Amino acid sequence: MAIQLTIPKAVADGLRLPPGDRERALEVELAVALYARGILGFGKARDLANLSKYAFGLALGERGVPRHYDEADLDEDVRYARGQ
(Lines give C-alpha, C1' and ligand atoms only; values in the text may rest on other atoms or scores of the structure.)
Protein backbone atom coordinates (compact mmCIF):
# COMPACT_ATOMS: atom_id res chain seq x y z
CA MET A 1 0.00 0.00 0.00
CA ALA A 2 1.26 3.46 -0.85
CA ILE A 3 -0.06 6.67 0.63
CA GLN A 4 -0.19 9.81 -1.44
CA LEU A 5 -0.63 13.17 0.26
CA THR A 6 -2.27 16.12 -1.42
CA ILE A 7 -0.97 19.54 -0.45
CA PRO A 8 -3.43 22.32 -1.27
CA LYS A 9 -2.12 24.69 -3.94
CA ALA A 10 -2.33 27.68 -1.61
CA VAL A 11 -0.13 25.86 0.91
CA ALA A 12 2.31 24.64 -1.75
CA ASP A 13 2.56 28.17 -3.13
CA GLY A 14 3.35 29.41 0.38
CA LEU A 15 6.34 27.11 0.80
CA ARG A 16 9.56 29.09 0.85
CA LEU A 17 11.26 26.63 -1.45
CA PRO A 18 11.94 26.61 -5.18
CA PRO A 19 9.15 24.67 -6.94
CA GLY A 20 11.58 21.95 -8.06
CA ASP A 21 12.73 21.29 -4.46
CA ARG A 22 9.36 21.17 -2.72
CA GLU A 23 8.46 17.50 -2.99
CA ARG A 24 11.93 16.36 -1.97
CA ALA A 25 12.08 18.77 0.98
CA LEU A 26 8.63 17.70 2.19
CA GLU A 27 9.66 14.02 2.12
CA VAL A 28 12.69 14.78 4.30
CA GLU A 29 10.73 17.00 6.69
CA LEU A 30 7.98 14.39 7.07
CA ALA A 31 10.53 11.64 7.71
CA VAL A 32 12.34 13.74 10.34
CA ALA A 33 9.07 14.69 12.06
CA LEU A 34 7.81 11.10 12.18
CA TYR A 35 11.15 9.91 13.53
CA ALA A 36 11.26 12.67 16.15
CA ARG A 37 7.81 11.66 17.41
CA GLY A 38 8.76 7.98 17.54
CA ILE A 39 6.26 7.04 14.83
CA LEU A 40 8.97 5.69 12.52
CA GLY A 41 12.27 4.11 13.40
CA PHE A 42 15.54 5.36 11.95
CA GLY A 43 15.67 2.89 9.06
CA LYS A 44 12.11 3.43 7.85
CA ALA A 45 12.37 7.20 8.30
CA ARG A 46 15.53 7.33 6.23
CA ASP A 47 13.82 5.15 3.60
CA LEU A 48 10.99 7.68 3.47
CA ALA A 49 13.50 10.50 3.14
CA ASN A 50 15.43 8.45 0.56
CA LEU A 51 18.71 9.31 2.30
CA SER A 52 21.73 7.28 3.34
CA LYS A 53 22.23 6.55 7.03
CA TYR A 54 24.87 9.26 7.18
CA ALA A 55 22.78 11.88 5.34
CA PHE A 56 19.68 11.17 7.44
CA GLY A 57 21.77 11.44 10.60
CA LEU A 58 22.98 14.82 9.38
CA ALA A 59 19.41 15.92 8.63
CA LEU A 60 18.43 15.00 12.20
CA GLY A 61 21.41 16.89 13.60
CA GLU A 62 20.67 19.99 11.53
CA ARG A 63 17.19 20.07 13.04
CA GLY A 64 18.32 19.29 16.59
CA VAL A 65 16.54 15.91 16.65
CA PRO A 66 18.41 13.43 18.88
CA ARG A 67 18.93 9.84 17.79
CA HIS A 68 16.76 7.30 19.59
CA TYR A 69 19.53 5.02 20.77
CA ASP A 70 19.58 3.45 24.19
CA GLU A 71 21.53 0.81 26.07
CA ALA A 72 19.40 -2.01 24.60
CA ASP A 73 20.26 -0.78 21.08
CA LEU A 74 23.94 -0.75 21.99
CA ASP A 75 23.73 -4.30 23.35
CA GLU A 76 22.05 -5.45 20.15
CA ASP A 77 24.71 -3.76 18.00
CA VAL A 78 27.51 -5.33 20.04
CA ARG A 79 25.92 -8.80 19.74
CA TYR A 80 25.55 -8.30 15.99
CA ALA A 81 29.17 -7.15 15.65
CA ARG A 82 30.31 -10.25 17.53
CA GLY A 83 28.25 -12.48 15.25
CA GLN A 84 25.92 -13.67 17.98
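User: In which element does R22 lie, and why is R22 said to have no salt bridge?

Analyst: In this predicted model, R22 lies in helix α2. The nearest side chain of opposite charge is that of D13, 4.1 Å away. A salt bridge requires a side-chain nitrogen of Lys or Arg within 4 Å of a carboxyl oxygen of Asp or Glu, so R22, although buried, has none. Leaving aside neighbours within four places in sequence, R22 is in contact with A12, D13, L15 and L17.

User: What makes the span of helix α2 close to the expected one?

Analyst: Helix α2 covers residues 22-36, and its 15 residues reach 21 Å from the first C-alpha to the last. At 1.5 Å a residue the expected value is 21 Å. Just after α2, G38 takes a positive phi of about 80°.

User: Which residues of α2 are buried, and what do they pack against?

Analyst: The buried residues of α2 are R22, V28, A31, V32 and Y35. They pack against α1 (9-14), α3 (42-49) and α4 (53-62).

User: How do you know that E27 and R24 form a salt bridge?

Analyst: Their closest N and O atoms are 3.1 Å apart. The cut-off is 4 Å, and therefore the pair qualifies as a salt bridge. Both E27 and R24 lie in helix α2, three residues apart, about one turn of the helix.

User: Why are E27 and R24 called partly exposed?

Analyst: E27 has a relative accessible area of 28%, and R24 has 33%. Buried means under 20% and exposed means over 50%, so E27 is partly exposed and R24 is likewise partly exposed.

User: What is the distance between the closest N and O atoms of R63 and E29, and what does the pair tie together?

Analyst: The closest N and O atoms of R63 and E29 are 2.6 Å apart, and the two residues form a salt bridge. R63 lies in the loop between α4 and α5 (71-81) and E29 in helix α2, so the pair ties together parts that are 34 residues apart in sequence.

User: How are R63 and E29 classed by accessibility, and why?

Analyst: R63 has a relative accessible area of 34%, while E29 stands at 38%.

User: What makes E62 and R63 a salt bridge, and is E62 buried or exposed?

Analyst: The closest N and O atoms of E62 and R63 are 3.6 Å apart; this is within 4 Å, so the pair forms a salt bridge. E62 has a relative accessible area of 63%, and since exposed means over 50%, E62 is exposed. Salt bridges that share partners join E29, E62 and R63 into one network.

User: How many salt bridges does this rule give, and which residues are in contact with R63?

Analyst: The count comes to four salt bridges. Leaving aside neighbours within four places in sequence, R63 is in contact with V28, E29 and V32. The C-alpha atoms of R63 and E76, 13 residues apart along the chain, are separated by 27 Å.

User: Why does L5 count as exposed, and which surface patch includes L5?

Analyst: L5, in the segment before α1, has 59% relative accessibility. The threshold is over 50%, so L5 counts as exposed. L5 belongs to a nonpolar surface patch of about 820 Å², made by M1, I3, L5, I7, V11, L26, L30 and L48.

Key
Residues are numbered from 1 along each chain as its sequence is written. This is a predicted model: local features need pLDDT of at least 70, side-chain atom pairs count only at pLDDT 80 or more; totals for chains, interfaces and linings use all residues. Side-chain values use heavy atoms; hydrogens and water are left out. Helices (H or I, at least four residues) and strands (E, at least two) are DSSP runs, numbered from the N terminus. The expected span of a helix is 1.5 Å times one less than its number of residues. Buried means under 20% relative accessible area, exposed over 50%, partly exposed in between (1.4 Å probe, protein chains only). Contact means heavy atoms within 4.5 Å. Lys and Arg count as positive and Asp and Glu as negative; His and the chain ends are not counted. Patches are made of residues with over 30% relative accessible area and no salt bridge: like charges are joined within 9 Å, nonpolar side chains (Val, Leu, Ile, Met, Phe, Trp, Tyr) within 5 Å. Accessible areas come from the Shrake-Rupley method with a 1.4 Å probe; for residues, only the protein chains shown count as cover.
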